[in-house]
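The following note sets out numbered remarks on the model under review.

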Amino acid sequence: MNKPILEVKNLTMDFGGLRAINSLDLNINQGEIAALIGPNGAGKTTFFNCITGIYTPTQGDVFIRPNGNDATKKRINGLKPNLVTRKGLARTFQNIRLFASMTVLENVMIGCYPVTKAGILGAIFRGPATRAEEQSIVDKSYGILKKIGLETYVDELALNLPYGAQRRLEIARAMATDPFLLLLDEPAAGMNPKETQALNELILKLRDEEQISILLIEHDMKLVMTLSDNIFVVDYGKKIGEGTPERILNNPVVIKAYLGEDIDA
Ligand SMILES: Nc1ncnc2c1ncn2[C@@H]1O[C@H](COP(=O)(O)OP(=O)(O)OP(=O)(O)O)[C@@H](O)[C@H]1O
């Protein structure tokens, strides 16, 4: 039986009188590409914010099992975002959040710092151990950029990159934290068809070659249906459907609530 690497139980998030997430259960298995879909305002980004420590859920539990076995099981609700990152959950955001005036390499290097050993004192006094760690961060960051296909832009300022490359750079920065699960919030938003195709290939490569599981929030239904092993559909914060793309496309509740007539998968 599959052991989930992420196990969310009965998650609820209230903002005053508004219940943005309502008793949500969701499991992600090792090696899976999963999608969280639903209409605008359904609670998808709030869900990401709850499991990455930006919000403390009103109710419920979030467990991780980085290696898929019970010995590594940990409850992570209430942890601060930097600690969640250290546990192996990395994310990107709906709006691009790069350091625009820093180089592509520096943007990825910054991603490495949450998981480095040298503290502030080490960074100030820059002893041999710190210098060696810095060199290893440069090497690691360059290696990630190569895997993501951005090595030709290493010394370019992030703001000069084409849009699709900026989105890929965000993924590269998230990779720098060595995640076992990558949460992507609308990674294809604003991309042209060629960039979306390249993103599709990149996500498959991360799963197949880097053994990173993926959960994506995405409105591009064609991408979702092509990539996903499992899809969760939410509406008004409640899970209204779950399953393979075929099952979702044939689920009358989902069709009525969300997909409508115009799905083109
Ligand atoms: N910090 C907050 N304070 C109050 N209400 C919030 C807050 N964050 C989100 N909400 C509300 O919670 C609900 C869910 O919002 P959320 O952004 O999670 O939806 P979404 O599914 O990600 O939407 P979209 O697809 O448009 O990004 C919405 O009604 C939103 O207005």
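1. Leu-11 stands opposite Leu-24 of β2 in this predicted model. The two strands concerned, β1 (residues 4-15) and β2, are joined in the antiparallel sense by 8 bridges. α1 packs on the sheet here, where it touches β1, β2 and β4 (59-64), and its direction makes about 70° with that of β2.

2. The sheet in question is open and has 4 strands, in the order β2-β1-β4-β5, with antiparallel pairing. Its edges are formed by β2 and β5 (74-75), each of which pairs on one side only.

3. A further open sheet has 6 strands, ordered β6-β7-β8-β3-β9-β10, and its pairing is mixed. β6 and β10 (238-243) are its edge strands, each pairing on one side only. Direction ignored, neighbouring strands of this sheet are turned by 20° against each other on average.

4. How many residues of strand β3 are buried? The count is 5 of the 5 residues in β3 (residues 33-37), so this strand is largely enclosed by the rest of the structure. In a regular strand the side chains alternate between the two faces of the sheet. For β3, Ile-33, Ala-35 and Ile-37 point one way, while Ala-34 and Leu-36 point the other way, and all are buried.

5. The pairing of β3 may be described strand by strand. With strand β8 (residues 213-217), β3 pairs in the parallel sense over 4 bridges, and Ala-35 stands opposite Leu-216 in β8. With strand β9 (residues 230-235), β3 again runs parallel, joined by 4 bridges; the bridge partner of Ala-34 in β9 is Asn-230.

6. Strand β7 also has 5 of its 5 residues buried, so β7 is largely enclosed by the rest of the structure. Both of its faces are covered: Leu-181, Leu-183 and Asp-185 lie on one side, Leu-182 and Leu-184 on the other, and all are buried.

7. On the β6 side, 3 bridges join β6 to β7 in parallel, and Ala-90 has Leu-182 as its bridge partner. On the β8 side, 5 bridges join β7 to β8, also in parallel, and the partner of Leu-182 is Ile-214 in β8. Helix α7 lies across β3, β7 and β8 and runs at about 150° to β8.

8. Which elements cover the buried residues of α6? They include β6 (89-91), α3 (104-112), α5 (128-148), β7 (181-185) and α7 (193-210). Of the 13 residues of α6, 11 are buried, so this helix is largely enclosed by the rest of the structure. The buried set comprises Ala-165, Gln-166, Arg-167, Arg-168, Leu-169, Glu-170, Ile-171, Ala-172, Arg-173, Ala-174 and Met-175.

9. Helix α1 is mostly covered, with 7 of its 8 residues buried. These are Lys-44, Thr-46, Phe-47, Phe-48, Asn-49, Cys-50 and Ile-51. After α1 comes Gly-53, whose phi is positive, near 85°.

10. Which residues surround the ligand? They are Phe-15, Leu-18, Ala-20, Gly-38, Asn-40, Gly-41, Ala-42, Gly-43, Lys-44, Thr-45 and Thr-46. The elements that contribute two or more residues to this shell are β2 (18-29) and α1 (44-51). α1 gives the most, with 3 residues. By class, the shell has 4 nonpolar, 6 polar and 1 charged residues.

How values were computed:
Residues numbered from 1 in each chain as written. Predicted model: local features only at pLDDT ≥ 70, side-chain atom pairs only at ≥ 80, totals over all residues. Near = placed C-beta within 6 Å. Nonpolar A, V, L, I, M, F, W, Y, C, P; charged D, E, K, R; others polar. Buried ≥ 20, exposed ≤ 12 C-beta atoms within 10 Å, placed from the backbone. Contact = placed C-beta atoms within 7 Å. Pairing = 2+ DSSP bridges. Axes fitted to C-alpha atoms, helices over the stretch in contact; angles between N-to-C directions.
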